[in-house]
Amino acid sequence: MARSFEAWELGLENPLFIAGPCSVETPEQLEETVAGLVKQGVKIIRGGVWKPRTRPGSFEGVGTIALPWIQEVKKKYGVKFAIEVANPSHVKQALDAEVDILWIGARSTVNPFTVQEIADSLRGVDIPIFVKNPVNPDLALWIGALERLDQAGLKRIGAIHRGFSNFNDTTYRNSPMWQIPIELKTRFPELPLINDPSHICGKRDLLFEVSQMALDLDFDGLIIESHRDPDQAWSDAPQQVTPEALGEMLRKLKTRTINLDNPEFQYQLEQIRQQIDEVDRELLEVMTRRMNLVTQAGQFKKLNNVAIFQIDRWKKVFKSRSEWAQAMQLNPEFVKELFRMIHSESISKQKEIMEDKTSEK
Ligand SMILES: O=C(O)C(=O)C[C@]1(C(=O)O)C=C[C@@H](O)C=C1
């Protein structure tokens, strides 16, 4: 398969597992955590040195003094090390310290000036680099950052999905909005894409579920925060896990395969897909019938000078369809979303009729 970390020539595997503390705190904390992770089979360590924090006064990373500690554990345990860089000075220091992998954080990805400065400082340097999604759900901004690195000549570029800021998602710290990384994957199938469940979940009890979801969606790996003593961590304590808990989780995760090589599997899947094709065609035929009726209703409303939006009718439609969905074992939330979109399309259709664009057709 073309999309693989093998091409990065770092001895990396698919799926790729990166783990390590949110922040490097002390030489002892780093070493103990790394030793624990190595025991669990982790070969690439992450560790924050410079930490962009939302509010001032939070721990902002120990900074440059962590770099010799990182070099030390790299030598002692034979691990690769990944850190976040947010400006050209970080890049220079990371390269001088022979860090193996860099990443650009979500708060930097939002700023094209910052990304460009980092990209420019990496011209002529061949180092693997990941770009986390921007904090806001803006796929173009994420792609733009990846393109800036590509244009600077970097050859080993990957993306990290860490979820998106939200105002009222009570489940996740950062909403995964899976459709965004799926769209990225669809547009750039060759781009390695890994998932950061720690920042999506914000708490450790959801980590397994989100990690499994990522693997089920054919992500190329995971980057997970792990600390020797998570509750005492200087940053992001609730979402970190001990190396032992992490190892247990990694062993429980199921990695799926695209399974292109098995003819029997392919045959059976093809049979199902043909039926899906037929059903989709029927769905669209039914949708056409519905839209024709909506057009009739629109023409009738226009003739009688009646408003497009009919709140009482819409409330009834919305309520009854989600009840029908429930009875048919369909997810009512999905059906609600679907009917919101259908209703919005009905409104635009009838608007066109009112504006006389299609009523004569
Ligand atoms: O019932 C109508 O008046 C319609 O035009 C149909 C429809 C719909 O799509 O179901 C469209 C717009 C209205 O707000 C309510 C319902």
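Modeller: Strand β1 and strand β8 (residues 221-225) pair in the parallel sense, with five bridges between them; pairing requires at least two bridges found by DSSP. This is a predicted model, in which local features need pLDDT of at least 70, side-chain atom pairs count only at pLDDT 80 or more, and totals for chains, interfaces and linings use all residues. Residues are numbered from 1 along each chain as its sequence is written.

β1 comprises residues 16-20, strands being DSSP runs of E with at least two residues and helices runs of H or I with at least four, numbered from the N terminus. β1 also runs parallel to strand β2 (residues 44-46), to which two bridges join it. Ala-19 takes part in both pairings: its bridge partner in β8 is Ile-224, while in β2 it stands opposite Ile-45.

β1 is mostly covered, with five of its five residues buried (20 or more other C-beta atoms within 10 Å of the residue's own, placed from the backbone). Leu-16, Ile-18 and Gly-20 point one way from β1, whereas Phe-17 and Ala-19 point the other way. In a regular strand, side chains alternate between the two faces of the sheet. In β1, the residues pointing either way are buried.

Methods:
Buried ≥ 20, exposed ≤ 12 C-beta atoms within 10 Å, placed from the backbone.
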